[in-house]
Amino acid sequence: MAYTQQHHLVALFKKIGITSERNLENKKILDVGAGSGVFSLLMYKLGATPQNFYACELNPVRFEKLRVLSPSSNNYLGDYCSLQNSNKFDLIFLNAVLTSVVNFEVRAKIIKKCLDELEVDGSLFIFDYYKKGSPLKSDHYRALDISEVMQHTTQGDFCIKKKLRIYLNLRLGKLLSLVHLDFLIPLLTTFRILNTNVGYLVITKKSSGLKHNE
Ligand SMILES: C[S@@+](CC[C@H](N)C(=O)[O-])C[C@H]1O[C@@H](n2cnc3c(N)ncnc32)[C@H](O)[C@@H]1O
């Protein structure tokens, strides 16, 4: 799974002009709902530096793990919505955060705050389950509607790219993880039914002119 996430992340980075590790070195990056910090390690591998990496996590147990895993980054314990922050960021990540927030008003607040904190030419990456065939419907999780995110982008100058249906159907995931990647990727590409609506939505803040590309 981590491999496929990395693979698609790198492909999307290229689309926004990040083509080498050196491009990430000086980027100011925020990971909202960072959990135990595993994502920070992936980002360091791709060239990000802990000094420019900011992570915010609500859950104290996960935050403690994050602090141990990534001690040199700027780590904040608490609700992102109440975080007083004067920074603007080149890259902001919401990795599997929004679908675990079932209250739509809170979700909207998080999305809006992320967009407000983007630098011009900065990008917000939302990696999550999206509606339409997503198995994620329960009292604890709600799949994301693309329009739920898009409604916050109509006020400003944003360009939207998305890469969906790229990950494994959860039920088959364990079984297929035994298949070698050389076979797995073509298998998933050919048989779309094995995939679910999980993927990245990337929103880039432009300096001028409305641009909505899907
Ligand atoms: C499903 S986990 C994903 C963790 C991590 N991003 C990952 O990909 O492994 C969602 C995380 O978002 C955190 N979270 C939810 N709402 C938050 C908020 N308002 N502020 C900060 N963290 C939040 C939760 O505590 C949880 O750790």
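Helices (H or I, at least four residues) and strands (E, at least two) are DSSP runs, numbered from the N terminus. This is a predicted model; local features need pLDDT of at least 70, side-chain atom pairs count only at pLDDT 80 or more, and totals for chains, interfaces and linings use all residues. Residues are numbered from 1 along each chain as its sequence is written. The protein has eight helices and nine strands. Of its 214 residues, 33% count as buried. A buried residue has 20 or more other C-beta atoms within 10 Å of its own, an exposed one has 12 or fewer, and a partly exposed one falls in between; C-beta atoms are placed from the backbone.

**Contacts and core**

- Two residues are in contact if their C-beta atoms, placed from the backbone, lie within 7 Å.
- Among contacts between residues at least 6 apart in sequence, 72% join residues at least 24 apart.
- The largest nonpolar core has 46 residues. Such a core is a set of buried Ala, Val, Leu, Ile, Met, Phe, Trp, Tyr and Cys residues joined through C-beta atoms within 7 Å.
- Ile29, Val32, Ile92, Phe125 and Ile126 touch the most other members of this core.
- Strand E5 (residues 118-129) gives the core its largest share, six residues.
- In soluble globular proteins, nonpolar side chains tend to be buried together.

**Strand E5**

- Ser123 is found in E5. It counts as buried because it has 25 C-beta neighbours inside 10 Å.
- Beyond four places in sequence, Ser123 is in contact with Ile16, Leu91, Val202, Ile203 and Thr204.
- Ser123 and Phe158 are 35 residues apart along the chain, and their C-alpha atoms are separated by 9.2 Å.
- Phe125 touches Leu91, Phe93, Tyr200 and Val202, leaving out residues up to four places away in sequence.
- Ile126 also lies in E5. With 26 C-beta neighbours inside 10 Å, Ile126 counts as buried.
- With residues up to four places away in sequence set aside, Ile126 touches Leu94, Leu98, Val149, Tyr200 and Leu201.
- Asp121 is placed in E5. Its phi is positive, about 75 degrees, although Asp121 is not a glycine.
- Asp121 counts as partly exposed, with 13 C-beta neighbours inside 10 Å.

**Helix H5**

- Helix H5 (residues 104-116) has 13 residues and should span 18 Å at 1.5 Å a residue; its end C-alpha atoms are 18 Å apart, which agrees. The expected span is 1.5 Å times one less than the number of residues.
- Arg107, Ile110, Ile111 and Cys114 are the buried residues of H5.
- Seen down the axis, these buried residues fall within an arc of 95 degrees, so they line one face of H5. The arc is that of the directions from the helix axis to the C-beta atoms.
- Glu105 and Asp116 are exposed on the other side of H5.
- The cover over the buried residues of H5 includes strand E1 (29-32), strand E4 (89-95), E5 and helix H6 (146-150).

**Helix H3**

- Phe39, Ser40 and Met43 are the buried residues of H3.
- They cover an arc of only 100 degrees around the axis, which puts them on the same side of H3.
- The buried residues of H3 pack against E1, E2, helix H4 (60-69) and E4.

**Loop between E4 and H5**

- Ala96 is in the loop between E4 and H5.
- Its phi is near 55 degrees, a positive value in a residue other than glycine.
- Ala96 is partly exposed, with 16 other C-beta atoms within 10 Å.

**Ligand shell**

- The ligand is surrounded by 19 residues; Gly33, Gly35, Leu58, Tyr80 and Asn95 are the closest.
- By class, the shell has eleven nonpolar, five polar and three charged residues. Ala, Val, Leu, Ile, Met, Phe, Trp, Tyr, Cys and Pro count as nonpolar, Asp, Glu, Lys and Arg as charged, and the others, Gly among them, as polar.

Key. Near = placed C-beta within 6 Å.
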